[in-house]
Amino acid sequence: RSRLFLDNILHSATDQAIGAADNQFIVKLYNEQAEELIGLPRESVWERPIREVVEKGPQWLAGYDQIIAESEREEVMDHQEKVVINGESRTLSWRIATIKDPQSLTVGYIILIRDLTEIIASNDALEDALASANEALRF
């Protein structure tokens with residue numbers, strides 16, 4: 001039951017890539033959006049060390065195995081950067097959180113990646129429209 005529930009969550013998260021690894025940095029979860037964004041099929045990632053996934057993945061993924069490893073020092077790490085995916089500039093937001101057991105020992109990591117490109121473009125367009133409207137009201 002709990003596995004089905006978890007699978008439903010992963011499948012329903014249509015706007016975020018979700019991955020999870022155990023405390024040995026072995027990939028345990030990888031949803032369809034992660035597959036699409038990273039460009040590696042689930043079968044090539046499942047039960048593989050994150051280091052291997054980063055090495056096989058797109059160039060923009062380089063170095064993230066180290067960022068994930070460093071997240072052990074912090075409960076939650078947020079990161080945002082511009083990358084090029086399929087020739088397009090994209091803005092990605094990363095959230096890496098440690099997964100703790102009841103004794104507060106780290107048992108894994110969850111990685112959430114969201115493409116903010118359209119959100120930022122919409123926000124910029126709205127700001128431009130508001131600036132134009134304010135300018136028009138001055139006359």
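Reader: Is Tyr109 buried or exposed?

Author: The relative accessible area of Tyr109 is 0%. With a 1.4 Å probe and protein chains only, values under 20% count as buried, values over 50% as exposed and those in between as partly exposed. Tyr109 is therefore buried.

Reader: What kind of model is this?

Author: Residues are numbered from 1 along each chain as its sequence is written, and side-chain values use heavy atoms, with hydrogens and water left out. Local features need pLDDT of at least 70 and side-chain atom pairs count only at pLDDT 80 or more, while totals for chains, interfaces and linings use all residues, for this model is predicted.

Reader: How many aromatic pairs does the structure hold, and what is the arrangement of the rings of Phe25 and Tyr109?

Author: The structure holds one aromatic pair. The ring centres of Phe25 and Tyr109 are 5.0 Å apart, and their planes stand at 10 degrees. Rings of Phe, Tyr and Trp (its six-membered ring) pair if their centres lie within 6.5 Å, and planes under 30 degrees apart count as stacked, over 60 as edge-to-face and the rest as tilted. The number of aromatic pairs is one, and the pair is therefore stacked.

Reader: How many residues apart in sequence are the parts that the pair of Phe25 and Tyr109 ties together?

Author: Helices (H or I, at least four residues) and strands (E, at least two) are DSSP runs, numbered from the N terminus. Phe25 belongs to the loop between strand E1 (17–22) and strand E2 (27–30), whereas Tyr109 belongs to strand E5 (residues 106–115). Phe25 is partly exposed at 23% relative accessibility. The pair thus ties together parts whose separation in sequence is 84 residues.

Reader: What is the volume of the largest pocket?

Author: A pocket is defined on a 1 Å grid over the protein atoms alone, as an open set of points with protein on both sides within 12 Å along at least five of seven lines, whereas a cavity is a set of points where a 1.4 Å probe fits but cannot get out; lining residues have an atom within 4 Å of a point. Grid points are joined across faces, edges and corners, and a volume is the space filled by probe spheres set on the points. For the largest pocket, the volume is about 160 Å³.

Reader: Which element gives the most residues to the lining of the largest pocket?

Author: The lining consists of Thr14, Asp15, Gln16, Ala17, Gln33, Glu36, Leu37, Arg90, Ile113 and Asp115. These divide into three nonpolar, three polar and four charged residues, where Ala, Val, Leu, Ile, Met, Phe, Trp, Tyr, Cys and Pro count as nonpolar, Asp, Glu, Lys and Arg as charged, and the others, Gly among them, as polar. The elements that give two or more residues to the lining of the largest pocket are E5 and helix H2 (32–38). With three residues, the element that gives the most is H2.

Reader: Which residues are linked with Arg90 in a network of salt bridges?

Author: A salt bridge places a side-chain nitrogen of Lys or Arg within 4 Å of a carboxyl oxygen of Asp or Glu, and the structure holds nine salt bridges. One of them joins Glu118 and Arg90 at 2.9 Å, N to O, linking helix H6 (residues 117–138) with strand E4 across 28 residues. Arg90 is buried at 13%, whereas Glu118 is partly exposed at 47%. The residues linked with Arg90 in the network are Glu88, Asp115 and Glu118.

Reader: Which helix holds both Glu55 and Arg51?

Author: The side chains of Glu55 and Arg51 form a salt bridge with an N to O distance of 3.9 Å. Glu55 is exposed at 58%, while Arg51 is partly exposed at 45%. The two residues are four apart, about one turn of the helix, and that helix is H4 (residues 50–56).

Reader: Is Thr91 buried or exposed?

Author: Thr91 has its place in strand E4 (residues 88–100). Leaving aside neighbours within four places in sequence, Thr91 is in contact (heavy atoms within 4.5 Å) with residues including Gln80, Arg114, Asp115 and Ile120. At 7% relative accessibility, Thr91 is buried.

Reader: What is the phi of Ser104?

Author: Ser104 lies in the loop between E4 and E5 and is exposed, at 54% relative accessible area. The phi of Ser104 is positive, in a residue other than glycine, and its value is near 70 degrees.
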